[in-house]
Amino acid sequence: MPLLIQLKNTCWRYRFIFIRLILPFILWIFLYRRFFLAKDFIEQDTFYIFANVKYFIDNIREGVFPLWNPFIAWGMPHIRHLEGIFNPIWSLTLVLDIASIPTYYSFLITIVFYYFLGLVGFYCLVKELIRNNEIAYYAYLTLMFSSLALVMYIQLTHLIVLVPS
């Protein structure tokens with residue numbers, strides 16, 4: 001009998017994770033679908049980072065680690081301009097690009113994954129600090145639907161600074 005209760009508790013935990021964390025994220029993706037369908041484009045700082053990531057991925061696919069970027073201000077060291085080049089989450093862009101997903105969509109999937117990882121981390125942090133699941137959940141939802149989600153497509157640097165790696 002204790003095994004059945006333990007299995008029931010485990011099943012409830014997975015249901016809790018799906019309903020409380022992933023279902024709102026699916027709603028969030030639906031609300032921001034114009035970015036994923038390429039009807040609205042990334043711009044400003046995020047496009048600048050995308051251009052550097054594209055240059056980096058193109059070189060890595062050719063087997064070259066780029067140390068110099070000739071396309072920025074008559075050429076300059078490349079590592080300075082790629083935010084978090086040694087951050088393992090950015091390798092997801094390369095993996096998705098190798099899987100024949102266009103670089104633009106690979107980049108979008110990576111920054112959304114980065115955002116979602118930050119949201120889950122924020123949920124766990126609030127849950128640990130306040131020790132109340134309800135408050136942690138509402139804090140998670142508040143951050144998910146805050147202006148940071150929209151700013152991510154314009155100023156990706158905010159996301160990189162606010163979500164530690």
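These legends describe close-up views of a predicted model of one protein chain.

**View 1. The elements of the protein chain in order.**
The secondary structure of the protein chain consists of eight helices and two strands. Read from the N terminus, the order of the elements is α-α-α-β-β-α-α-α-α-α. The protein chain has 165 residues, of which 38% count as buried. Taking contacts between residues at least 6 apart in sequence, 63% join residues that are at least 24 apart.

**View 2. An aromatic pair between helices H3 and H5.**
The count of aromatic pairs in the model is 10. One of them is formed by Phe 50 and Phe 107, with 5.3 Å from centre to centre and 55 degrees between the planes, and this pair is tilted. Phe 50 belongs to helix H3 (residues 44–61) and Phe 107 to helix H5 (residues 103–130), so the pair ties together parts that lie 57 residues apart in sequence. Phe 50 and Phe 107 are both buried.

**View 3. An aromatic cluster and a charge over a ring.**
One aromatic cluster is made up of Phe 25, Trp 28, Tyr 115 and Phe 116. The view also takes in Phe 30 and Arg 33. Over the ring of Phe 30 sits the charged end of Arg 33, at 4.3 Å from the ring centre.

**View 4. The crossing of helices H4 and H5.**
Helix H4 spans residues 91–98, and its axis comes within 8 Å of the axis of H5. The two axes cross at roughly 145 degrees, and the crossing of H4 and H5 is right-handed. On the H4 side, the contact is made by Leu 92, Thr 93, Leu 96 and Asp 97. On the H5 side, the residues are Thr 103, Ser 106, Phe 107, Ile 109, Thr 110 and Phe 113. Sorted by class, the contact of H4 with H5 has five nonpolar residues, four polar residues and one charged residue.

**View 5. Thr 110 in helix H5.**
Thr 110 is placed in helix H5. The relative accessibility of Thr 110 is 0%, so this residue counts as buried. Apart from neighbours within four places in sequence, Thr 110 is in contact with Ile 89, Trp 90, Leu 92, Thr 93 and Leu 96.

**View 6. Tyr 140 and its contacts.**
Tyr 140 is part of helix H6 (residues 133–144). Its relative accessible area is 0%, so Tyr 140 is buried. Leaving out residues up to four places away in sequence, Tyr 140 touches Arg 20, Leu 21, Phe 25, Phe 116, Leu 119, Val 120, Phe 122 and Tyr 123. Tyr 140 and Phe 122 are 18 residues apart in sequence, and their C-alpha atoms are 6.7 Å apart in space.

**View 7. Asn 59 in helix H3.**
Helix H3 contains Asn 59. With a relative accessible area of 17%, Asn 59 is buried, since the cut-off for buried is under 20%. Not counting residues up to four places away in sequence, Asn 59 touches Val 64 and Pro 66.

**View 8. Two loop residues with positive phi.**
Ser 100 lies in the loop between H4 and H5. Its phi is near 70 degrees, a positive value in a residue other than glycine. Ser 100 has a relative accessible area of 66% and is exposed. Arg 131 lies in the loop between H5 and H6. For Arg 131, phi is near 60 degrees, again a positive value in a residue other than glycine. The relative accessible area of Arg 131 is 63%, and Arg 131 is exposed.

**View 9. Gln 155 and Gln 44.**
Gln 155 is found in the loop that runs between helix H7 (147–151) and helix H8 (156–162). Its relative accessibility is 27%, so Gln 155 counts as partly exposed. Gln 155 and Gln 44 are 111 residues apart along the chain, and 6.9 Å separates their C-alpha atoms. Setting aside neighbours within four places in sequence, Gln 155 is in contact with Gln 44, Asp 45 and Thr 46.

Note on methods:
Residues numbered from 1 in each chain as written. Predicted model: local features only at pLDDT ≥ 70, side-chain atom pairs only at ≥ 80, totals over all residues. Heavy atoms only, no water. Phe/Tyr/Trp six-rings, centres within 6.5 Å; stacked < 30°, edge-to-face > 60°. Helix = DSSP H or I, 4+ residues; strand = E, 2+ residues; numbered from the N terminus. Buried < 20%, exposed > 50% of the residue type's maximum accessible area, 1.4 Å probe, protein only. Lys NZ or Arg CZ within 6 Å of the ring centre and 35° of its normal. Axes fitted to C-alpha atoms, helices over the stretch in contact; angles between N-to-C directions. Left-handed = near helix turned anticlockwise from the far one by under 90°. Contact = heavy atoms within 4.5 Å. Nonpolar A, V, L, I, M, F, W, Y, C, P; charged D, E, K, R; others polar.
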